Amino acid sequence: MADSEVVKELLPNGLTVLIAEDHASPVVAINLLVRAGYFDEDDRVAGISHVIEHMFFKGTPDRPRPDQIATEIKSLGGELNASTYYDATNYHVVLPSANFRKALEIEADALMHPLVDPEELKREIEAVIQEGRRKMDTPAAFALEMLYRDAFTAHRMRRWRIGSEDGLRALTRDDLLAYFQDHYVPGRVILSIAGDVRAGEAGEAAHIYLGGMPGRTGAALGSPPEPPQSEFKFRRLGGDIKRANLLFGWHTPPILSDDDMALSVLAYLLGGGRSSRLFQAVKERAGLVDGIGASLESFRDLGILTVSAECDPAKTPEAIPAIQEEVERLRRNPPAHAEIERARTAIEYRHHLGRSEVLGRSSLLAYYESLGGFQLADEVVTRLQRVTEDDVRRVAETWLTLENATLLEYVPEKDAPPARDRETVAAALRAARVTPEPAEESRRPAPVPAVKATAPRVRRESESHGVVRHRFDNGPVLLHEERHDLPLVTFCVAFRGGRSGEGRDNAGITKLMQSTMIKGSVNRDARQVATEIEGLGSAIERMMDEDYFGFSIGILSRCARRGFDILTDLIRRPAFRHEEIEKERALLLAAQESVKDQSLAYTFQLFRQAAFGSHPYSLPPFGLQAPVQSMKRENLVRWHRAVVRPASMVISVVGDIQEQEVLDLVGGSIADWSQEGFGDKDPGQLIAWGASEVVESRRRQQTAQVIGFPTPGLLTPERFSLDLVQSVTSGLGGRFFEEVRGKRGLAYAVHAFNFHRVSGGAFAVYLATAPKDEAEARRVLFQEIARLRREGPRGEEVERARHYLHGVHAIALQSNSQRAYRYADAEVRGTGMEAIHDYPDRIGAVGFEDVQDAIWRYLDPDRCAIGILRGSTVTP
């Protein structure tokens, strides 16, 4: 899928059209990129780009209802969304390709004929304000914007990008239309289409629906320039949070500059994965942070390289100079050639991965076209190959100076370390010593000699929609699908059980076992694992669910054999070294605290406590403090023997790899593995609960609540009816969304979702509101539930929901990773991989009466559970 195959056309009015045919999946992405964002706003109207984004799909003269565009797209089986960033705003629809022309007509109508109803504008501004408050309650996101505020003095990057509450409320319809007139001009609009379309037909449709947009000159783009920084900047902020957030930022040059690609490599070497300098030195060896990473943000006129870390607040005085030491090391000495190769391979993998779905490809093409030409996307790998070790050292020495740096500490108010002024912190950073790195070879374990064994016999059991199921004599099931459109392959390895067999005496043991497994085998230590895997441009991801656990790896197909060998070595022969157990134990305990700063995750945790009683599903995902603290190595070894067994193993492989190679790989990896172990206990079915509530109060800008109702679970036919109920009620145009947010503006987030699990489940609704609106939002929700139970949904709502579920199902199956994950998930839970491709038929077979019955039977207010993370501006 080279971008040389892209068709580009300039319409007479100046609008650019890009079309990339991709017939791997029957879906298409329609992406409108407008070259206007936060950088292009005067201070008086700061945040207006984002407000326009919220209003974009809120009506036109031909579609005057605020929910009409959303419901029409939903009826086409599509998903619509939008995003505003510093230098651009994107509006996109992804849907089945059969409905391409209608969706393009709707998007063109929204672009050319915005209604901007004044009352709807007021409601959306309040929704934007709630979105800003949600960011204030998200420590990492809040801290990053506070870093930008300090790092920049003149450039608009310094502003709280969503806009101040007073400034947003002052915006008028005339302000929006004037900004729209000035910036939404054809010459700044790029229509990028990628997917299952014919270029000629798509180009003709673009002429018909967008050719009539009047051409005009736009207002000036960009921000006042930022002067060079000449001295180190430092600030400490406090808040009602559990862990400290540390952020370094250094000014860097614009994108596509001579140093841009070398800086991308530098950011990866510093904090791009488990083998990175910061991860190994500050997290693994020193144990000073829970997590750490580095990233580069580059725009047309400037850039910024950031390092972010989360840690115990007591360790911030040590963590900061430790980070500086690794920065100084790269400033003084060029990286090893092997490091550069790891970075190249990883960035190449991400480049291909970004084009594996139609939305990613259309976005990538539009982005590079806005920078000067879509062909620039294909030059990424070539430019990457030119970066040398000396280039990386040079850009580190040039840009990562102390004078060019800004440091922000965001710490818990209750447990903050002693305050320090800027001069003290600067002196500590200048004093950071570059100590010799430990010799890598000295830490490698002696390899265990390989024992040649005969692969178990395997039989081909079935084939469905191109997915083949094989079963090996010693138990494992292998699912395989060949897809050769990109040089990528994904492996998922899953095991039934794990968390579902835990109790309050060992809650967290599966998580601790799993995280320690990938920290080394008897043949490899943790650093060697990280170096080898990331040298292949990949990473091992952990899969964790209430019903199963496992691992996945997405990788370039030329590296597939080596990657899978490493993965199965870690699965079968984990070393469980004491020092790695202690590191992972500390991280798990830190995660138990860190999750309390995450609104949805922690509120759902409170809901589970209220809903699931003594069942394992009620236990927190990161376990309980006391059992995690007391676990010993022998506990992990016994648990591994019990749950990591061939009899409960499912391997799913999707991508650019042939069947015989997969059989050889998997067969060799499980040779001599007997069906040992005894499995964990059956958790039993969930017992239906009565009304219950768990509430926790914190000093936060928002209140989050999850309201849920018991459902029978994954293995029952009712799950399909409940999926339709979820689609009827949730999202843009959904009943709950429109009643709570659309008509009343009581919440920013209104999401309904099904928690389908083997032993039972829940239909749940998440609301994020201002604290003062908590009770009213809940009242309106229950009022709408009562109306649904009394009157039922309308027939057109159910049909729209059915079309939507068909569409999003096709959209979800574009990538190798999603297909491999979904096949493994279905097989290991017991529904069988056939359930994935049969899903549209099962949804199609659900009758209107089935949906009504599910609403009446399961959405019962007398049998709901509620978890509430109650916000307050006063410390509770």
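Colleague: Is Phe-576 buried or exposed?

Modeller: This is a predicted model, in which local features need pLDDT of at least 70, side-chain atom pairs count only at pLDDT 80 or more, and totals for chains, interfaces and linings use all residues. Residues are numbered from 1 along each chain as its sequence is written, and side-chain values use heavy atoms, with hydrogens and water left out. A residue is called buried under 20% relative accessible area, exposed over 50%, and partly exposed in between (1.4 Å probe, protein chains only). Phe-576 has a relative accessibility of 3%, so it counts as buried.

Colleague: Where does Phe-576 lie, and what is its phi?

Modeller: Helices (H or I, at least four residues) and strands (E, at least two) are DSSP runs, numbered from the N terminus. Phe-576 sits in the loop between helix H19 (560-572) and helix H20 (578-594). Most residues other than glycine have a negative phi. Phe-576 is not a glycine, yet its phi is positive, at about 50°.

Colleague: Asp-672 has a positive phi too. Is Asp-672 buried or exposed?

Modeller: Asp-672 is not a glycine either, and its phi is about 60°. Its place is the loop between helix H24 (659-670) and strand E19 (692-698). Because its relative accessible area is 53%, Asp-672 is exposed.

Colleague: How many helices and strands does the protein chain have?

Modeller: The C-alpha trace of the chain spans about 75 × 70 × 60 Å along its principal axes. The chain is built with 31 helices and 23 strands.

Colleague: What is the radius of gyration of the protein chain?

Modeller: The radius of gyration is taken over C-alpha atoms, and the globule rule is 2.2 Å times the number of residues to the power 0.38. For 876 residues, a compact globule would come out near 29 Å. The value for this chain agrees with that, being 27 Å.

Colleague: What share of the residues is buried, and how much of the accessible surface belongs to carbon and sulfur atoms?

Modeller: Of the 876 residues in the chain, 61% are buried. Accessible areas come from the Shrake-Rupley method with a 1.4 Å probe, and for residues only the protein chains shown count as cover. The accessible surface of the chain is about 32700 Å², and the part belonging to carbon and sulfur atoms is 49%.

Colleague: Which residues does Ile-241 contact beyond its neighbours in sequence?

Modeller: Ile-241 lies in the loop between strand E7 (233-239) and strand E8 (244-252), and it is buried because its relative accessible area is 8%. The C-alpha atom of Ile-241 is 9.1 Å from that of Glu-593, although the two residues are 352 apart along the chain. Contact means heavy atoms within 4.5 Å. Leaving aside neighbours within four places in sequence, the contacts of Ile-241 are Pro-139, Tyr-410, Val-411, Pro-412, Asp-597 and Arg-698.

Colleague: Which residues does Arg-608 touch, not counting those up to four places away in sequence?

Modeller: Arg-608 is in helix H21 (residues 599-612). With a relative accessible area of 2%, Arg-608 is buried. The residues it touches are Arg-499, Glu-546, Gly-613, Tyr-617, Ser-618, Leu-619 and Phe-755.

Colleague: How many salt bridges are there in the whole structure?

Modeller: A salt bridge is a side-chain nitrogen of Lys or Arg within 4 Å of a carboxyl oxygen of Asp or Glu. A search of the whole structure gives a count of 88.

Colleague: How far apart are the closest N and O atoms of Asp-43 and Arg-159, and is Arg-159 buried or exposed?

Modeller: Asp-43 and Arg-159 form a salt bridge, with the closest N and O atoms 2.7 Å apart. The pair links distant parts of the chain, 116 residues apart: Asp-43 is in the loop between strand E3 (27-34) and helix H1 (48-56), and Arg-159 is in the loop between helix H5 (139-151) and helix H6 (165-169). Asp-43 has 49% relative accessibility, so it counts as partly exposed. Arg-159 has 12%, so it counts as buried.

Colleague: Arg-787 forms a salt bridge with Glu-739. Which residues are linked with them in a network of salt bridges?

Modeller: The closest N and O atoms of Arg-787 and Glu-739 are 3.8 Å apart. This pair joins helix H27 (residues 774-791), which holds Arg-787, to helix H26 (residues 735-742), which holds Glu-739. Arg-787 counts as partly exposed at 26% relative accessibility, whereas Glu-739 counts as buried at 8%. Besides this pair, the network holds Arg-735, Lys-743, Arg-744, Glu-784, Arg-790, Glu-791, Arg-794, Glu-796 and Glu-797.
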